[in-house]
Amino acid sequence: MKITGYRTETYSFRLDRAIGDCNYPGGVDGMGGGFLWIETDEGISGVAPMAGDVEPLFRLIEGQDPREVIGLWRRMVDEVHKSGLALAAGAISAIDIALWDLKAKIAGEPLWRTFGSVEGRARAYASGIDYNLGDEELFAFYDGMAERGVDGGKLKIGLDQEADIRRIGIMHEALSKASDRPHLCIDVNEYWSPKQTIRYMAEIEKHHDITWIEEPARRWDHEGLKLVSQQVKAAVASGENLRTIGEFYPLVQHQAVDILSISAVQAGFTGCRQIAHLGHAYELPVSMMNCQANFMAHLAAALPNHVSMEVVEPGREHCIRFDSHIEDGFIVLGDAAGLGIEVDEDKLAQLQANPPVLTGPFPFPRREGAGLYVKGFQPGEVNWR
Amino acid sequence: MKITGVKTTLYLYNLGWCMGDANSPAGRTRGCGCVVELETDAGLTGIGLGGGGVRPQISALVEGVLKGQDPRSAQGLWQRMANKHFKGGHDGLINDAIAVLDMAVWDLKAKANEEPLWKTLGGSKDRIHCYASGIEIPLSDELMHAWYSRMATQYGLRGGKLKVGLDQDADLRRIGLMRDALMQADDNPMLLIDANEYWSPKQAIRKVREIEEEFDLTWVEEPARRWDFLGLRRIKDSVRTAVCAGENLDTLGDFLPYFHHHSADIVQVSCGMGGITPALQLADAAFGYELPVTLGNSPGLIHAHLATVMPNFMTMEVCNVEPPDGVFTTDVTVVDGWAIPGDKPGLGIEIDVDALEKQAIERVPPGAGPSPFGRRPGAGLYEIPPTEEEKAAAAKGMEA
């Protein structure tokens with residue numbers, strides 16, 4: 001089987017509900033999406049629910065057997081050696097994901113099986129990306145997840161300590177439906193300096209037992225992350241914005257983090273699995289980031305050190321059908337071949353023909369005061385205050 | 001597809017020459033192999049090679065874990081086998097059993113797709129760099145020179161690894177002989193030495209420094225005990241040559257001190273350690289640490305399949321290009337110094353049923369195991385050169 005062509009489509013869509021963190025607490029109500037299809041001479045095509053600038057890389061994979069996905073990943077990575085992987089990471093990830101989809105389809109099996117999972121399911125935690133949600137909406141979100149057995153949650157915090165402590169309590173109460181001691185996580189998205197984190201966490205940990213705090217310092221600040229990990233009871237999770245295993249090296253060597261956040265959108269399935277294996281050697285759990293249709297659960301299901309995967313469900317699946325659902329706290333993957341994702345071309349064309357006008361800051365800028373001082377909520381910035 | 005049962009067959013074969021290292025200079029001429037056949041309801045049989053000493057453990061793992069499972073879930077099945085032996089640890093004997101079963105499971109996974117293992121793993125059909133390894137301490141100077149000459153001229157191998165450690169003057173002389181033989185393939189052959197944990201760190205530093213005055217060595221292998229991460233680190237910091245270590249570690253966790261303390265420059269990986277599954281994990285972890293990996297010798301050179309998916313793969317050990325025992329064939333070939341994995345489904349290993357039946361035995365006879373003489377006296381303290389009795393035994397072995 002040979003790769004013969006590709007197609008990319010981009011579109012924008014409105015979310016079923018807006019999402020926000022401390023960098024943009026007012027939230028965004030939509031986002032851009034994309035698809036990459038890789039076509040073969042035998043009529044099967046692989047799909048990735050993300051696009052990217054594939055054109056300059058395509059000659060490296062054209063005519064090749066898609067089953068050789070890791071060999072092709074190496075070709076692409078070697079090709080962009082001088083400029084570094086970061087510039088091309090999006091396109092390489094998209095190609096890598098589509099090739100893994102193809103590889104599983106050729107074998108006639110779901111991708112979780114290709115990766116070697118026995119059960120085809122990955123443990124989930126609920127993540128509201130919810131700084132824009134009021135107390136009642138917040139409760140409703142985590143309550144809905146708890147209804148499906150999800151016993152962990154992650155709240156966006158960082159701008160108002162009193163409100164944050166109250167809202168963690170709301171998440172706790174909602175998730176109590178699934179567990180007497182739900183896993184409570186918080187996420188400050190690199191808004192605090194290490195010492196700000198340590199001060200805030202000292203107060204939060206008086207009120208709540210926190211499982212992990214995510215991105216409590218800059219993504220590259222291994223000394224700051226380590227300082228935080230040494231001074232708080234909660235585990236420190238970080239890494240979702242890193243794209244290569246090399247970027248994880250200082251975090252691992254300096255024991256800067258307790259949990260590695262990984263994402264196939266950043267590193268492809270191939271790179272993502274390498275990072276997970278590095279974590280495994282260091283007895284570090286990994287946590288898979290959220291994504292459209294939870295498609296990255298296929299890899300998470302096969303990783304020996306995967307703790308739980310972020311599930312947001314803000315409504316991003318307007319033009320895809322997918323073969324997974326959440327049950328008893330797990331993302332349960334189906335038996336459809338590959339990723340189990342089908343693109344509804346009619347709906348995609350409709351979205352492209354009528355692009356929604358989106359509100360919110362794009363592409364997710366950093367908030368004033370980050371790492372220096374907390375710029376609290378501005379009047380009217382969120383509707384729940 | 002479901003796993004239904006397993007069959008193991010032990011067999012005896014001639015090694016082809018008298019093999020030995022610093023721990024066994026008298027050498028041995030016979031080896032023991034084991035064919036593990038993992039059966040399925042789909043008519044496919046997964047082949048594993050090894051595990052001759054752990055046949056009861058193999059049967060127990062198949063009964064207790066693998067039976068009824070789909071072999072395509074290779075990673076998860078490895079984890080289940082390891083988890084089952086959590087309390088006692090999945091190292092030692094049980095590790096050998098898990099390793100050979102994991103090999104057979106991956107063979108099935110690839111056969112289910114009717115493709116070679118390298119493709120199942122996701123590799124491209126690369127040429128795989130390799131080096132000659134004679135395990136040749138018992139051989140006379142003439143015979144070892146002839147052995148490396150054959151590897152250089154017949155297969156184009158441009159690197160060689162010499163067993164050293166008992167007699168510094170002999171080692172210096174023989175490195176030169178190996179170099180001379182390999183120069184038939186390359187003007188500047190890759191020279192490796194292997195002390196098989198016979199030295200203490202400071203012995204290693206003295207010996208290697210002296211050797212470095214005369215030769216440019218690419219690596220010194222196992223120059224201290226396998227667990228001595230500080231000793232290995234000390235050697236690494238004191239010699240120009242790269243320190244290569246790890247072949248006797250069992251699990252990924254065993255490597256953690258190496259990584260954390262930067263003890264080795266090159267990490268040894270083998271599917272014989274714990275299976276193909278953890279070998280892939282180990283290579284990825286080393287990749288994160290910017291460490292090259294080297295693959296050890298393997299039956300039928302099946303490690304060539306694994307090398308295709310290791311971005312930090314450096315070179316692979318070759319003791320035999322053709323399997324010496326007549327019991328199985330491989331479709332991995334070595335041409336012009338490079339191993340090329342074949343296109344037959346799975347591992348590409350095929351069993352000669354008649355030969356296997358003819359050579360089958362019930363028990364491993366004395367002297368045919370992998371390390372029949374154990375660790376040599378003096379190890380880590382002082383060197384004891386081969387005795388007259390050992391030289392006589394080696395000479396007798398060479399005749400045979």
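Predicted model: local features only at pLDDT ≥ 70, side-chain atom pairs only at ≥ 80, totals over all residues.
What is the area buried between chain B and chain A, and what percentage of it do carbon and sulfur atoms give? The buried area, meaning the accessible area (1.4 Å probe) that two parts lose on being put together, summed over both, is about 3000 Å², and carbon and sulfur atoms give 53% of it.

Residues are numbered from 1 along each chain as its sequence is written, chains are lettered from A and ligands numbered from 1 in the order in which they are written, and side-chain values use heavy atoms, with hydrogens and water left out.

I begin with the interface. Chain B contributes 40 residues to the contact and chain A contributes 34, where contact means heavy atoms within 4.5 Å. Between the two chains there are six salt bridges, each defined as a side-chain nitrogen of Lys or Arg within 4 Å of a carboxyl oxygen of Asp or Glu. On the side of chain B that touches chain A, the elements giving two or more residues are helix 2 (74-84), helix 4 (117-121), helix 9 (256-260) and helix 11 (276-288) of chain B. Helices here are DSSP runs of H or I with at least four residues, and strands are runs of E with at least two, numbered from the N terminus.

One residue deserves attention: B:Lys119. Its side chain forms a salt bridge with A:Glu68 (4.0 Å, N to O). The side chain of B:Lys119 also meets that of A:Asp65 in a salt bridge (2.5 Å, N to O). This second pair joins two chains, because B:Lys119 lies in helix 4 of chain B and A:Asp65 in the loop between helix 1 (55-61) and helix 2 (69-79) of chain A. Over all chains, the structure holds 52 salt bridges.

I turn now to chain A. Which residues of helix 6 meet helix 7 in chain A? They are A:Gln161, A:Ile165 and A:Ile168, and their partners in helix 7 are A:Tyr200, A:Glu203, A:Ile204 and A:His207.

Finally, two backbone features. Most residues other than glycine have a negative phi, and most peptide bonds are trans. A:Phe362 and A:Pro363 are joined by a cis peptide bond, with omega about -10°; A:Pro363 is placed in the segment after helix 12 (345-353) of chain A. A:Ala293, although not a glycine, has a positive phi of about 55°, and A:Ala293 lies in the loop between strand 10 (286-288) and helix 11 (297-300) of chain A.
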